[in-house]
Amino acid sequence: QVQLVESGGGLVQTGGSLRLSCAASGSILSIASMGWYRQAPGKQRELVASITTGGIINYADAVKGRFTISRDTSKVVNLQMNSLKPEDTAVYYCYASKLPFGAVANSWGQGTQVTVSS
């Protein structure tokens, strides 16, 4: 089992920046990739960004050029969010996967709220 704890998030104005972090514990050797999904009210959960243990990165088109995913260690993944827009408002969920690709989550964090005011 993998446990994920998120930190960061909050309220920011349009154009501002926020940084999310996700720390994994437990069976971390089983992790092949980690990343972030988000879910806005009334919408489906959508993939934001992912990174494999080998460093292969994928971004959703909506965040390319504005968000950066990175790994501090094998246990911590960060999401730097710049030039935030009101449409980025959502609950952001960290996930961990036993698969390197496909963003198939086997573990989820508790979610952290990101609110971008116009």
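Q: A polar contact is a pair of N or O atoms within 3.5 Å; within protein, one atom must be able to donate a hydrogen and the other to accept it, and residues adjacent in sequence count only if both atoms are side-chain atoms. What makes the link between the side chains of Arg-38 and Glu-46 a polar contact?

A: The distance of 2.7 Å between these side chains is within the 3.5 Å limit, so the pair of Arg-38 and Glu-46 qualifies. Arg-38 has another such partner: a polar contact of 2.9 Å joins the side chains of Arg-38 and Asp-88.

Q: What kind of model is this, and how are residues numbered?

A: The model is predicted, and local features need pLDDT of at least 70, side-chain atom pairs count only at pLDDT 80 or more, while totals for chains, interfaces and linings use all residues. Residues are numbered from 1 along each chain as its sequence is written, and side-chain values use heavy atoms, leaving out hydrogens and water.

Q: Why is the pair of Arg-38 and Asp-88 called a salt bridge?

A: A salt bridge needs a side-chain nitrogen of Lys or Arg within 4 Å of a carboxyl oxygen of Asp or Glu. The closest N and O atoms of Arg-38 and Asp-88 are 2.9 Å apart, so the pair meets the rule. This pair links distant parts of the chain: Arg-38 is in strand β4 (residues 33-39), and Asp-88 is in the loop between β8 (76-81) and β9, 50 residues apart. Strands here are DSSP runs (E, at least two residues), numbered from the N terminus.

Q: How do you know whether Arg-38 and Asp-88 are buried or exposed?

A: Buried means under 20% relative accessible area, exposed over 50%, and partly exposed in between (1.4 Å probe, protein chains only). Arg-38 has 6% and Asp-88 has 1%, so both count as buried.

Q: What does Arg-66 pair with, and which parts of the chain are tied together?

A: The side chains of Arg-66 and Asp-88 meet in a salt bridge, 2.7 Å from N to O. Arg-66 lies in the loop between β6 (57-59) and β7 (67-71) and Asp-88 in the loop between β8 and β9, so the pair ties together parts 22 residues apart in sequence. Salt bridges that share partners join Arg-38, Glu-46, Arg-66 and Asp-88 into one network.

Q: How many salt bridges does the whole structure hold?

A: There are four. One of them joins Lys-64 and Asp-61, with the closest N and O atoms 3.1 Å apart. Asp-61 has 65% relative accessibility, so this residue counts as exposed.

Q: What makes Cys-22 and Cys-94 a disulfide?

A: A disulfide is a pair of cysteine sulfur atoms within 2.5 Å. The sulfur atoms of Cys-22 and Cys-94 are 2.0 Å apart, so they form one. The count for the structure is one disulfide. Cys-22 is in strand β3 (residues 18-26) and Cys-94 in strand β9, 72 residues apart.

Q: Why is Ser-97 called buried, and what does Ser-97 touch?

A: Ser-97, in strand β9 (residues 90-97), has a relative accessible area of 2%, so the residue is buried. Contact means heavy atoms within 4.5 Å; not counting residues up to four places away in sequence, Ser-97 touches Ser-30, Ile-31, Ala-32, Ser-33, Val-104 and Asn-106. A polar atom of the Ser-97 side chain lies 2.6 Å from the backbone oxygen of Val-104.

Note on methods:
Helix = DSSP H or I, 4+ residues; strand = E, 2+ residues; numbered from the N terminus.
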